[in-house]
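User: I would like to learn how to read pockets and cores in a model. Can you take me through one?

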Amino acid sequence: MATVPAVALNGVKLGMPSQAYLEGKAVKDTRVLISDLCRQFYNLGWVSGTGGSITIKVHDDSIPKPHQLIVMSPSGVQKERMVPEDMYVLSPDGSILSLPSPKPYPHKPPKCSDCGPLFLKTYEMCNAGAVIHSHGVESCLVTMLHPLSKEFRITHMEMIKGIKGHGYYDELVVPIIENTAYEFELTESLAKAIEAYPKTTAVLVRNHGIYIWGDSWINAKTQAECYHYLFDAAIKLHQLGLDWSTPNHGPIWNVKGVLGSGASANMSVKAGASADHGIEPLRRCIVLDIEGTTTPISFVSEVLFPYARDNVGRHLSATYETAETQDDINLLRSQVQDDLDQGIVGAVPIPSDSAGKEEVIAALVANVEAMIKADRKITALKQLQGHIWRTGFETNELEAVVFEDVPEALEKWHALGIKVYIYSSGSRLAQRLIFGNTIYGDLRKYLSGFFDTTVGNKREIRSYVEISESVGVDKPSEVLFVTDVYQEAEAAKAAGLEVIVSIRPGNGPLPENHEFKTIKSFSEI
């Protein structure tokens, strides 16, 4: 192991060493960890033939993650035979502080990972604690199933829960970038994919492999295992002629109306359809509003909202010390401060924690009651309401109501392979609670995902652009949006979506000459 002067090596900057820290326990432990993990990854087929790589930041509670040192495996070596002394140590800006000593023939001269520029870009953009580059055959083959696709999508698989920010009912989307002759040439494409998919924790490289990152090495490793499992499942489902991207994983139908897995992405007919009825896009989607569309407005206004309002104090008192409730309180503090700055009626200052639990809760209750009364569509309120409603559903104090035509329609669309999503101002948790606890049972099995105001306000065009880009359609017009609110319909239409307005009992009036198609039941769709 040697330290080096400030010169360039393999496209990565070199810098002066910080010897005391380099020889510390934290750096040594990280070196050992990488060599151990590479042996495991070799046995999984992720780093065979000297391919693949891993990098981990040296964890130190006293140092913010962006400023922590980086340990990185070398390039062109037998990954299963590496020892801790073979690792490179880099400064946060990519300067190499320590490199391995040369080994005798037949070993090649030491060389920092060819993945270095991509690792550094991922650290920079994602604040990751570790990045894994795998050449696992599953990650390679899955990009070949649809050679023109820019994304891999899968839903309703248990292992999706192992991917950060995803649940069983969510759709996992992994961007795919095109391979290049040299690893470093992928850096720009990787950066663009991360920017275009801010929620992703992985990027596939066609005919090559995958980059996966996490907050820590444990998180990165866990997700890597889940990604490879899901890729393997998709490949096997494809071999069976089944569609991994739909909730029911039903048969793939080719353009002649018979079973088969050889049809291209743009030339498929949904299960149950006939070629005589025309070819539908593979990813035809329906996005549904909740209040006034799937669920009576009265249930929301007369049941859910009063329950949340009446139980705010009890919920906060019972869960005050939990991390979840503290996160809710922090969001509310931020929102209330903005409201006070803007002179919003009903906003009252929330005292600091030093004032005592009771004083803080009293102020929170006053603000939440004012927000509910004004029907504020804000994340801070919706997140707290979702947590309160969860308690109500768990204790059977609440049972969700949907219109009687909804379950049959969801089941029908599901059988046809049409993906159905929910877009509501209520939190994703609240949405899952409603459809998971209806008077007709759990309807979540028919849904591919949930959108809330984190994608944007429901009356803004950009929100619908974001949704259409997230559900995997070639053009926005392949998405049908159903809502009871005229302003939402206008925004969705402006974004290019097909729109139908729901006319249900208790819904507000529509403007005259609005020109939107209307329905009174989902059976009309």
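Analyst: We take a pocket, then the cores, then one tryptophan. The model is predicted.

User: What is the volume of the second largest pocket?

Analyst: About 460 Å³. Its lining has 24 residues. Closest to the centre are Asp 289, Glu 291, Lys 377, Ser 425 and Glu 488.

User: Which helices each supply at least two residues of that lining?

Analyst: Helices H7 (297-319), H10 (379-394) and H12 (428-436) do. H7 gives the largest share, 4 residues.

User: Now the cores. What is the general idea?

Analyst: In soluble globular proteins, nonpolar side chains tend to be buried together. Here, the largest nonpolar core has 57 residues. Leu 288, Leu 304, Trp 389, Leu 410, Trp 413, Phe 435 and Phe 522 have the most contacts inside it. A second, separate core has 45 residues, among them Leu 22, Leu 33, Ala 224 and Ile 235.

User: Which residues does Phe 435 touch?

Analyst: Leave out residues up to four places away in sequence. Phe 435 then touches Ile 290, Thr 294, Val 402, Ile 422, Gly 441, Asp 442, Leu 443, Arg 444, Leu 447 and Phe 450.

User: Is Trp 213 buried or exposed?

Analyst: Compare its relative accessible area with the cut-off: buried means under 20%. Trp 213 is at 4%, so it counts as buried. Trp 213 lies in strand S11, residues 209-214.

User: How far apart are the C-alpha atoms of Trp 213 and Glu 80?

Analyst: They are separated by 21 Å, with the two residues 133 apart along the chain.

Methods. Residues are numbered from 1 along each chain as its sequence is written. This is a predicted model: local features need pLDDT of at least 70, side-chain atom pairs count only at pLDDT 80 or more; totals for chains, interfaces and linings use all residues. Side-chain values use heavy atoms; hydrogens and water are left out. On a 1 Å grid over the protein atoms alone, a cavity is a set of points where a 1.4 Å probe fits but cannot get out, and a pocket is an open set with protein on both sides within 12 Å along at least five of seven lines; lining residues have an atom within 4 Å of a point. Grid points are joined across faces, edges and corners, and a volume is the space filled by probe spheres set on the points. A nonpolar core is a set of buried Ala, Val, Leu, Ile, Met, Phe, Trp, Tyr and Cys residues joined through side-chain atoms within 4.5 Å. Buried means under 20% relative accessible area, exposed over 50%, partly exposed in between (1.4 Å probe, protein chains only). Contact means heavy atoms within 4.5 Å.
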